[in-house]
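Subject: Structure handover

Hello,

Here is the structure I said I would pass on. Please open it alongside this note.

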Amino acid sequence: MGSRICAKRLTKELNDLRTNGPPAGCRIIQADDLETWIFGLRVLGDESETVYSGEEFALRFRFSTQYPIESPEVTFVVAEPFKSPMHPHCYTNGHICASVLGSGWSPVLNVNSLLLTMQSMLASCKKKELPPDNDRYVRTAPKNPKETRWAYHDDTV
């Protein structure tokens with residue numbers, strides 16, 4: 001990592017995650033360096049509380065040397081055995097339309113807060129469905145979702 005601030009912050013966050021653990025329902029799958037971390041994520045609750053009961057998803061965090069000034073690139077892993085959740089803000093290529101990953105990012109946020117945000121986003125979903133523009137977006141999307149100009153218009157799901 002090129003930035004001392006970035007390396008110091010990520011080292012602190014990773015040590016905290018290893019010492020205190022990630023939020024309930026989350027687990028570290030891979031965090032071997034300060035560039036890419038992968039977490040398992042489950043939505044807490046039973047079938048009456050969440051449409052994702054019993055499912056586990058994986059989130060990949062990629063950090064640039066501008067972290068924490070710049071948000072990490074966060075995507076759902078879409079390689080077996082994982083898939084992106086069927087959710088109005090989650091595309092089948094793993095990209096996530098959430099303001100906290102773009103214009104709503106603040107350096108006071110961290111990996112723990114993003115994991116909780118993703119859990120909350122999934123927990124509030126009442127019906128599994130893809131974004132209406134999923135096929136078009138996946139066909140034309142940049143490799144890095146941070147290069148997408150998202151329109152944040154619906155935070156109710």
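Below is what I found, from the overall fold down to single residues.

Please keep in mind that this is a predicted model.

Overall fold

The protein has three helices and four strands. In sequence order the pattern is α-β-β-β-β-α-α. The radius of gyration is 15 Å, close to the 15 Å that the globule rule gives for 157 residues, so the protein is as compact as a globular protein of that length. Along the principal axes, the C-alpha atoms fill a box of roughly 45 × 35 × 30 Å.

Take the contacts with a separation of 6 or more: 60% of them join residues 24 or more positions apart.

Burial, surface and charge

Of the 157 residues, 41% count as buried. The exposed surface comes to about 8600 Å². Carbon and sulfur atoms supply 50% of that area.

The protein has 18 positive and 19 negative charges. Their mean positions lie 5 Å apart.

Cysteines

How many disulfides does a search of the whole structure find? The search finds zero. C90 is in no disulfide, and its nearest cysteine sulfur, that of C125, is 8.4 Å away. The cut-off for a disulfide is 2.5 Å between the sulfur atoms.

Are these two cysteines buried or exposed? C90 is buried, with a relative accessible area of 0%. C125 is buried too, at 2%. Both values fall under the 20% cut-off for burial.

P85

One proline is worth a look on your screen. P85 sits in the loop between β4 (73–76) and α2 (111–123). P85 counts as buried, at 1% relative accessibility.

Which residues does P85 touch, leaving aside its neighbours within four places in sequence? The contacts are Y52, F57, F76, C90 and L122.

Best wishes

Methods:
Residues numbered from 1 in each chain as written. Predicted model: local features only at pLDDT ≥ 70, side-chain atom pairs only at ≥ 80, totals over all residues. Heavy atoms only, no water. Helix = DSSP H or I, 4+ residues; strand = E, 2+ residues; numbered from the N terminus. Rg over C-alpha atoms; globule rule 2.2 N^0.38 Å. Buried < 20%, exposed > 50% of the residue type's maximum accessible area, 1.4 Å probe, protein only. Contact = heavy atoms within 4.5 Å. Areas by Shrake-Rupley, 256 points an atom, 1.4 Å probe, with all protein chains shown as cover. Lys, Arg positive; Asp, Glu negative; His and termini not counted. Charge placed at Lys NZ, Arg CZ, Asp CG, Glu CD.
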